[in-house]
Amino acid sequence: MTFEEARAQFPVLERYAYLQAGSVGPLGRPTIEAMWAEEATSLAEGRGSYARFMKLLDAREQLRSDIAALVGVSADRVALTASTTDGCNIVLAGLDLRDGDEVITTTDEHFGLLGPLHTSRAKVVVVEPDPERIVEAVTPSTRLLALSHVLWTTGAVLPVHELRATTGLPILVDGAQSVGTMSVDAGGLDYYTVSGQKWLCGPEGTGALVVAEPDELRIARPSYLSQQSYEHDGVFVPKEGAARFDPNLIPGPNTVGLQTAIRTTPSWAFERAGELAERFRTRLGEAGQDVIVPESRATLVAWRVTADESADVVARLAESGVIVRDLPGRGLVRASVGWWNDENDLERLVAAL
Ligand SMILES: Cc1ncc(COP(=O)(O)O)c(C=O)c1O
C-alpha cells in the first residue's frame, strides 16, 4: 500500500490537519464499513442467535491474537478491555494493596492511571519522570511501579524494561500513547495497557490489558466472560490465561472495527511516524516555537506556551483547520503526529501558529 492510498482511507484528513491521535485517532473508511456491516447484520437478523454469539466470540479471539502480535506476547496473555483506564482498574483492584504499601508513579501521568492508583489503599509516591528519581524512590514498602511508556505530556519514552530489571518490582505500564505508533514489546513487563481508540485508530470503547502471569492476579471484577464453568451459587472456574480478566463484551461493531483498523495499518507505519515527528520538532523549532525534545521520544510533539494561553492557541488553530490539544495547567500544546500525516499538515500547523 502506498502512502497516498493509506492516507486516503481517512476522510478527515481531506479537511483538517488532524493531529489529535493522542486523544482519538482518525477513523478509516474500511474500519467504519466493517462496523456498519456488523450493525446491518444485527438489524436484519437480530442479535440473540447462538450463531451470532459464537461469531462474536470468534471475532474476539481474532482481535486478541492481533493485539498480542502487535505487542509481542502470546494471545493467552491478553485481556480485551474497553480502555487503558479499564486495564489499570483491573490490575489495581486485583493486587489488593494495603495500608503501608507504596506505589511509585510520576508527575506526568494521566488520570486513567492515577484514578485507579488512588482507589488502592497504597500510598502513591509521585516523582519526576526520570529513571534515576524513580529508582531512588523505591523503599522496602514499594509494591508496584505504575507509569506510562510514553508520557502524554511531552512524548518522552520511559525505559520501562530497564526500570523493571533494575528495581525487580512489578510494573504496570500505561501504553495509551505507545501502542499503534511505535514498536512495543510488552514481554517481560507485568501489566501493559492498550487503548484502541488512539493511535490504533479503532472505535472508542476498545482496548486491552497484557498480564504476564494471569494466575497470579486476583480476579476482582469478574464478568460472564471470566469463567469457563460455574455453579448455581456462583463458584466458578476461571478461563485459562488473561481472558479471565475480560471485563465486558465489547460490542460486535467495535470488535471488528478495531480488528480492521489494526489489519489495515501499513507495515511502514511506525518508521514513518517516528521520522515525521522528528520533522515536526525541527520545523516547529525553526519557526520559533519552544519545542520539548526529550532524549528518548515518541510521536507526541509538545511545545511551551504561556499556561493561560494554551486553550486560546488550540482554539485559534482549530479555526484554521488544525486540530491539536493543550495540556491544561502545564503550559503545553501537543500535536500527535501519526503515520497518516504529511508535510502539508505540518506546514498548515506552522502557518496557523
Ligand atoms: C497516558 C494516558 N493514559 C490513559 C489515558 C486514558 O485512556 P483510555 O481512554 O483508553 O482509558 C490517556 C488518554 O488520553 C492517556 O494519554
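1. Pro140 sits in the loop that joins α6 (131-136) to β5 (142-148). Pro140 counts as exposed because it has 5 C-beta neighbours inside 10 Å. The cut-offs are these: a residue is buried with 20 or more other C-beta atoms within 10 Å of its own, exposed with 12 or fewer, and partly exposed in between, the C-beta atoms being placed from the backbone. From Pro140 to Gly202 the C-alpha distance is 41 Å, and the two are 62 residues apart in sequence.

2. A word on the source. The model is predicted, and local features need pLDDT of at least 70, side-chain atom pairs count only at pLDDT 80 or more, while totals for chains, interfaces and linings use all residues. Numbering starts from 1 along each chain, as its sequence is written.

3. The protein chain is assigned two stretches of domain: domain 1 (3-27 + 267-352) and domain 2 (38-263). These bounds come from an automatic or database domain assignment. Between the C-alpha centres of domain 1 and domain 2 there are 27 Å. Contact between them involves 23 residues of domain 1 and 18 residues of domain 2, where contact means that the C-beta atoms of two residues, placed from the backbone, lie within 7 Å.

4. Which elements supply at least two residues each to the side of domain 1 that touches domain 2? They are α9 and β12 (300-304). That side of domain 1 has 14 nonpolar, 7 polar and 2 charged residues. In this division Ala, Val, Leu, Ile, Met, Phe, Trp, Tyr, Cys and Pro are nonpolar, Asp, Glu, Lys and Arg are charged, and the others, Gly among them, are polar.

5. Trp268 belongs to the loop between α8 (252-263) and α9 (269-286). Its class is partly exposed, because 13 C-beta neighbours lie inside 10 Å. Val78 is 190 residues from Trp268 along the chain, and their C-alpha atoms are separated by 25 Å.

6. Two packed helices are described by the angle between their axes and the distance between the axes. For α3 (residues 50-71) and α8, the axes come within 10 Å and cross at roughly 35°. The axes are lines fitted to C-alpha atoms over the stretch in contact, and angles run from 0 to 180 degrees between N-to-C directions. The crossing of α3 and α8 is left-handed, a term used if the near helix is turned anticlockwise from the far one by less than a right angle. On the α3 side the contact includes Leu56, Ala59 and Leu63, and on the α8 side it includes Thr255, Val256 and Ile262. By class, the contact of α3 with α8 has 7 nonpolar, 4 polar and 3 charged residues.

7. The shell around the ligand comes next. Ser83, Thr85, His110, Gly112 and Trp152 come nearest among the 14 residues around the ligand; a residue is near a molecule if its C-beta atom, placed from the backbone, lies within 6 Å of it. At least two residues of the shell come from each of α4 (84-95) and α5 (111-119). The shell divides into 3 nonpolar, 10 polar and 1 charged.

8. Helix α4 also holds Asp86 and Leu92. Is Asp86 buried or exposed? Asp86 is buried, because 25 other C-beta atoms lie within 10 Å. Leaving aside neighbours within four places in sequence, Asp86 is in contact with Thr81, Gly207 and Pro247. The C-alpha atoms of Asp86 and Thr206 are separated by 9.7 Å, although these residues are 120 residues apart along the chain.

9. Leu92 is likewise buried, with 24 C-beta neighbours inside 10 Å. Not counting residues up to four places away in sequence, Leu92 touches Pro116, Leu117, Thr119 and Ser120. Leu92 and Pro116 are 6.4 Å apart, C-alpha to C-alpha, and 24 residues apart in sequence.

10. Most residues other than glycine have a negative phi. Asp96 has a positive phi, near 50°, and lies in the loop between α4 and β3 (102-106). Asp96 is partly exposed, with 13 other C-beta atoms within 10 Å. Cys201 also has a positive phi, of about 60°, and is found in the loop between β7 (191-195) and β8 (207-211). Cys201 is buried, because 27 other C-beta atoms lie within 10 Å.

Terms used:
Helix = DSSP H or I, 4+ residues; strand = E, 2+ residues; numbered from the N terminus.
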